[in-house]
Amino acid sequence: MTAERLVQPPGPVLVTGGNGYIGSWVVKELLGLGFDVHATVRDATDPIRTEPLRALDQGRGALKLFAADLLQPAAFEHAMIGCEVVFHTASPVALRGVKDTVSDLIEPATQGTRNVLETATRTTTVKRVVLTSSVAAIYGDAVELEETEGRRFDESHWNETSSESHQPYSFSKMLAERLAWRIAGSQDRWDLVVLNPALTLGPALTKHSRSESVRVMREFATGYYRAGAPDLEVAIVDVRDVADAHVQAALRPSASGRHVLSSESVTLIEIGRILREHYGDGFPFPRLTVPKFVVGLLAPLGGIPRAVVKRNVGYPLRFDNRYAEADLGIEFGPAADAIVDQFQQLLDDGLIPGPKVGRRLRKGTRSPVERGVDRQAARDSRAGA
Ligand SMILES: NC(=O)c1ccc[n+]([C@@H]2O[C@H](COP(=O)([O-])OP(=O)(O)OC[C@H]3O[C@@H](n4cnc5c(N)ncnc54)[C@H](OP(=O)(O)O)[C@@H]3O)[C@@H](O)[C@H]2O)c1
């Protein structure tokens with residue numbers, strides 16, 4: 001597809017939130033293709049937040065870091081100069097224990113989207129904005145699946161049930177995406193392509209990631225589910241496939257609309273089973289399902305409202321990913337690869353305690369590195385690298 005690219009290296013292109021869990025993988029892929037990348041971070045002088053990103057700058061494309069806060073209207077202007085594509089990934093991600101849902105989630109998500117996209121409208125080089133939305137903008141709670149045709153959420157659905165008090169992160173993502181479509185519709189120089197990833201798992205590029213994805217996986221090693229796990233289904237996508245989707249969304253001239261990025265849905269107990277198959281019995285992976293009424297009683301202690309338990313535990317959560325596959329040429333890898341490769345990265349980086357008994361890789365299982373090499377080769381050939 002080299003001849004048909006919307007943009008050609010060296011660019012430059014802009015990635016907001018370039019040091020985030022997803023943003024850093026997007027930066028890595030773009031640099032690997034030879035693009036010069038302007039990446040924004042909140043504090044460009046903080047070595048912990050920037051060094052992993054600087055380490056990606058190894059030859060092909062060049063990396064420049066810019067400081068920018070979502071809440072400051074002109075913050076992205078300098079970083080966007082000369083850019084043809086803007087990847088807007090920066091947004092606060094917090095699923096539990098948010099103190100002030102408006103100032104911590106909703107304002108940065110919406111004002112940030114307004115600031116970045118209005119800056120794109122003023123920057124005459126910009127042809128396309130790729131927005132990292134979420135499946136959280138598509139549905140509110142799993143119970144809503146019962147009312148959908150075909151029992152699958154897809155790009156035609158919008159979250160209509162979240163609010164400041166119920167699922168506020170989902171509310172912030174829905175508001176930000178709706179605003180993005182409105183701003184895109186108010187001009188005609190750049191077009192908007194939206195990506196709606198499910199729970200994104202897979203190795204982080206830094207041991208200092210603060211992403212919720214890292215917290216979710218750590219809980220499988222730290223005993224959070226020692227007594228069992230709720231009957232909760234999660235839709236999973238590999239972070240490397242999410243990065244690939246961002247790149248394809250920028251390069252393909254015909255890419256358009258929203259895109260559900262989801263590989264498959266698994267329960268928390270199934271995640272425990274996948275991890276046990278690879279790592280043996282030395283970790284407190286969940287085996288038992290905790291009854292819903294017990295989950296409802298305990299959830300508020302962990303910052304999860306009862307209404308969230310009531311509307312999600314015990315219900316299937318399924319997505320139709322066919323449009324993303326067709327429009328972006330994505331082949332979603334199995335959820336098990338994302339789960340195992342992320343767990344291995346957490347172990348390798350010393351972010352979770354080692355097993356009580358020796359690590360056992362199941363006989364015949366290909367190592368995370370072997371799987372990663374094959375999948376990277378497939379991505380490179382799709383991108384024409
Ligand atoms: N992880 C998932 O499962 C998942 C699933 C679907 C969609 N998403 C979306 O993917 C995007 C990235 O998420 P992630 O998991 O990679 O999270 P992350 O690692 O926590 O990254 C969040 C990024 O947003 C930036 N950010 C937050 N508040 C900001 C502010 N006020 N001003 C400037 N930058 C700010 C952070 O910058 P600093 O580090 O410099 O503060 C960081 O780069 C988000 O839009 C999220 O909604 C994530």
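**Overall build**

Of the 385 residues of the protein, 47% count as buried, a residue being buried if 20 or more other C-beta atoms, placed from the backbone, lie within 10 Å of its own. This is a predicted model, in which local features need pLDDT of at least 70 and side-chain atom pairs count only at pLDDT 80 or more, while totals for chains, interfaces and linings use all residues. Residues are numbered from 1 along each chain as its sequence is written.

- The protein has 13 helices and twelve strands, which are DSSP runs (helices: H or I, at least four residues; strands: E, at least two) numbered from the N terminus.
- The radius of gyration, taken over C-alpha atoms, is 20 Å, close to the 21 Å that the globule rule gives for 385 residues, so the protein is as compact as a globular protein of that length. The globule rule is 2.2 Å times the number of residues to the power 0.38.
- The C-alpha trace spans about 55 × 45 × 40 Å along its principal axes.

**Helix 5**

- Helix 5 covers residues 168–185, and its buried residues include Pro168, Phe171 and Met174.
- These buried residues of helix 5 pack against helix 4 (101–122), strand 5 (128–132) and strand 6 (191–197), where contact requires C-beta atoms within 7 Å.

Conventions. A residue is buried if 20 or more other C-beta atoms lie within 10 Å of its own, exposed if 12 or fewer, and partly exposed in between; C-beta atoms are placed from the backbone. The expected span of a helix is 1.5 Å times one less than its number of residues. Two residues are in contact if their C-beta atoms, placed from the backbone, lie within 7 Å.
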